[in-house]
Amino acid sequence: MFLRDVRRVGVVTLWAVAATLLNFLAGILLARVLGPGDRGLVAVVVSAAGLVAVFSALGTNVAVRAQLPRSDEINLRGFWAVTLLLSAGLALPLLVVVGMASGVLVDERLGEVGWLAAFTACGLGAFLWFQVKEALAAVGLIARGAVINAAGSLAFLALVGLLAGKSHLTAGAAVLAYAASTVLQFGAALVPLAPTVRGTRARGTRALLRSGPVYLGYHCGQDVVFRLDRDLLGVLSSPAR
């Protein structure tokens with residue numbers, strides 16, 4: 001039992017290191033091709049969209065991970081009902097944030113229709129991936145989640161490399177590539193989760209919405225620190241000018 005747990009932790013750690021390395025390589029490629037200005041814009045857009053997604057989940061993703069293994073009052077079908085409900089209202093906070101960031105605050109291009117669509121797609125993709133990643137952890141598929149996370153990082157690096165090779169890599173294209181990688185992660189995670197919801201009725205939607213905000217502060221604190229560390233890494237990998 002102990003050795004199995006140690007092996008599982010080792011596997012998860014290795015895949016997490018692999019994902020970090022792949023993100024680091026993608027950051028270097030973006031910095032070299034886009035330059036510090038557009039590379040910084042991509043980092044701001046991805047981080048801002050991700051943070052909006054974290055807050056918009058209202059802590060329900062962390063709540064399902066904490067409560068599902070030890071409670072019969074909630075199930076994953078109820079969690080999916082909550083996820084669909086929250087995703088329907090996600091566009092509004094995303095548009096508010098990107099509207100505030102457009103102009104002198106960050107970049108006037110963010111007010112353009114194409115950037116609004118890219119920011120919304122990025123936030124929705126991140127939201128869906130955050131939700132399904134915690135669902136994997138809730139049913140004991142943490143290692144599977146780590147593999148899918150690394151696969152998403154590889155997909156992002158591959159898309160960025162493909163766009164760079166064809167001279168089509170722009171800041172907007174990089175954001176859409178990130179959104180596509182999160183959607184791929186979401187789709188891949190649904191495959192092992194599908195059997196856990198088949199033939200069940202939704203339970204615990206209200207319980208998740210009530211308890212979610214209790215977990216929100218801790219989760220947001222972790223996510224903010226992670227994103228600051230990641231963006232600092234991106235800055236350090238940018239070329240000096």
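Which helix does Asn61 lie in? I looked it up in this model, which is predicted. Asn61 lies in helix α2.

**Entry on Asn61.** I then looked at Ala135, which sits 74 residues away from Asn61 along the chain. The C-alpha atoms of Asn61 and Ala135 are separated by 7.1 Å.

**Entry on the core.** I looked up the largest nonpolar core and found 54 residues in it. Leu30, Val42, Leu76 and Trp80 touch the most other members. I noted which helices supply at least two residues each: α1 (2-56), α2 (60-67), α3 (76-88), α5 (113-138), α6, α7 and α8 (205-236). Helix α5 gives the most, with 13 residues.

**Entry on the surface.** I also found a nonpolar patch on the surface, formed by Val11, Trp15 and Val147. Together they have about 210 Å² of accessible area. I placed Val147 in helix α6, residues 142-165. Val147 has a relative accessible area of 31%, so I wrote it down as partly exposed.

**Entry on α7.** I followed helix α7 from residue 171 to residue 197, a run of 27 residues. From its first C-alpha to its last, α7 reaches 38 Å, close to the 39 Å expected. Where does α7 have a kink? I found the kink at Val191, shortly before the proline Pro192, and its angle is about 45°.

Note on methods. Residues are numbered from 1 along each chain as its sequence is written. This is a predicted model: local features need pLDDT of at least 70, side-chain atom pairs count only at pLDDT 80 or more; totals for chains, interfaces and linings use all residues. Side-chain values use heavy atoms; hydrogens and water are left out. Helices (H or I, at least four residues) and strands (E, at least two) are DSSP runs, numbered from the N terminus. The expected span of a helix is 1.5 Å times one less than its number of residues. The bend at a residue is the angle between axes fitted to the seven residues ending there and the seven starting there. Patches are made of residues with over 30% relative accessible area and no salt bridge: like charges are joined within 9 Å, nonpolar side chains (Val, Leu, Ile, Met, Phe, Trp, Tyr) within 5 Å. Accessible areas come from the Shrake-Rupley method with a 1.4 Å probe; for residues, only the protein chains shown count as cover. A salt bridge is a side-chain nitrogen of Lys or Arg within 4 Å of a carboxyl oxygen of Asp or Glu. Buried means under 20% relative accessible area, exposed over 50%, partly exposed in between (1.4 Å probe, protein chains only). A nonpolar core is a set of buried Ala, Val, Leu, Ile, Met, Phe, Trp, Tyr and Cys residues joined through side-chain atoms within 4.5 Å.
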